[in-house]
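Let's take a walk through the disulfides of this structure. Have a look at the sequence and the model first, then read on.

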Amino acid sequence: NAGVTQTPKFQVLKTGQSMTLQCAQDMNHNSMYWYRQDPGMGLRLIYYSASEGTTDKGEVPNGYNVSRLNKREFSLRLESAAPSQTSVYFCASSDSGGADTQYFGPGTRLTVL
Amino acid sequence: GNSVTQMEGPVTLSEEAFLTINCTYTATGYPSLFWYVQYPGEGLQLLLKATKADDKGSNKGFEATYRKETTSFHLEKGSVQVSDSAVYFCALSGRNQGGKLIFGQGTELSVKP
C-alpha cells in the first residue's frame, strides 16, 4: 500500500515551458486535491476533485489545469510556466471530503527559471 | 472568508519543555479543525482533529481543544522530544466545502537535546 505517490520529485523548467505533475492514490479515495506550498504562506489549494469526473477551482487556480483521469489519478498541468509558479506541490486524497483525513504525497519541488 | 492564523516561528525548545502553538480561526458556521505535521523532506500527515465545539483531539502526546468562544485550537504537548522537530500546520475545513482545507502559515519547531 503506497498511499499517495507523486512524480517527479524535482523539476527545473524554463519560463514558458509546460509540464504535467502526476499523482496517484491506491486507497480507493473519492476526493483528490492539489496544493502549493510557499514559504510563510502555508499550503494553498489549487484545484480539487470531489469525485471521479468532477474538478473545481481552489484558491489559486490561475495558470494551472487539472485532469481526473480515473478514480486513482489526478494530474496537474502547467501550460506555460512562470517564475511565480516556483513552489513545492503536494497532492492529497481523502475518502469523501468534509472532516475526513487528507493523505498527502511526498511533494514535487518545481523551480521555474 | 475563512482563514487561519498561527503563531509565528521558529520556536526553539529544550527537550522535555512544554509546548504551545497558538492557532485562531475565522469561519462561518462550524468548521472542522486539524493539526497537520510535516517532518523534514516529507509530505504532511494528520496529527489530530476535532469536528465540533469542546472536542479534544489527541495523538502522540499532543492535544488541542476546539474552543468556539475564542475561535481557537491551540496545540499543546507536555514534554517535547527531539523527534518532534517539524513544521506544524493548523487548518480548517468548512461545512459543505468538499473537504477543502485552509491552512495557517505553519510553525517550525526545533527541539534541542
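**The disulfides, chain by chain**

In chain B, Cys23(B) and Cys90(B) form a disulfide (a pair of cysteine sulfur atoms within 2.5 Å), with their sulfur atoms 1.9 Å apart. The torsion about the S-S bond of Cys23(B) and Cys90(B) is about -70°, so this disulfide is left-handed. Cys23(B) sits in strand S4 (residues 23–26) of chain B and Cys90(B) in strand S10 (residues 86–93) of chain B, so the bond ties together parts that are 67 residues apart in sequence. Strands here are DSSP runs (E, at least two residues), numbered from the N terminus. Cys23(B) and Cys90(B) are both buried, where buried means under 20% relative accessible area (1.4 Å probe, protein chains only).

This is a predicted model, so local features need pLDDT of at least 70 and side-chain atom pairs count only at pLDDT 80 or more, while totals for chains, interfaces and linings use all residues. Residues are numbered from 1 along each chain as its sequence is written, chains are lettered from A and ligands numbered from 1 in the order in which they are written, and side-chain values use heavy atoms, leaving out hydrogens and water.

Now over to chain A. Here Cys23(A) pairs with Cys91(A) in a disulfide, the sulfur atoms being 1.8 Å apart. That link is left-handed, with -70° about the S-S bond. It joins distant parts of the chain: Cys23(A) belongs to strand S3 (residues 19–25) of chain A and Cys91(A) to strand S9 (residues 87–94) of chain A, 68 residues apart. Cys23(A) is buried at a relative accessible area of 3%, and Cys91(A) is buried at 0%.

And the tally? Over all chains, the count comes to two disulfides.

Technical notes:
Helix = DSSP H or I, 4+ residues; strand = E, 2+ residues; numbered from the N terminus. Buried < 20%, exposed > 50% of the residue type's maximum accessible area, 1.4 Å probe, protein only.
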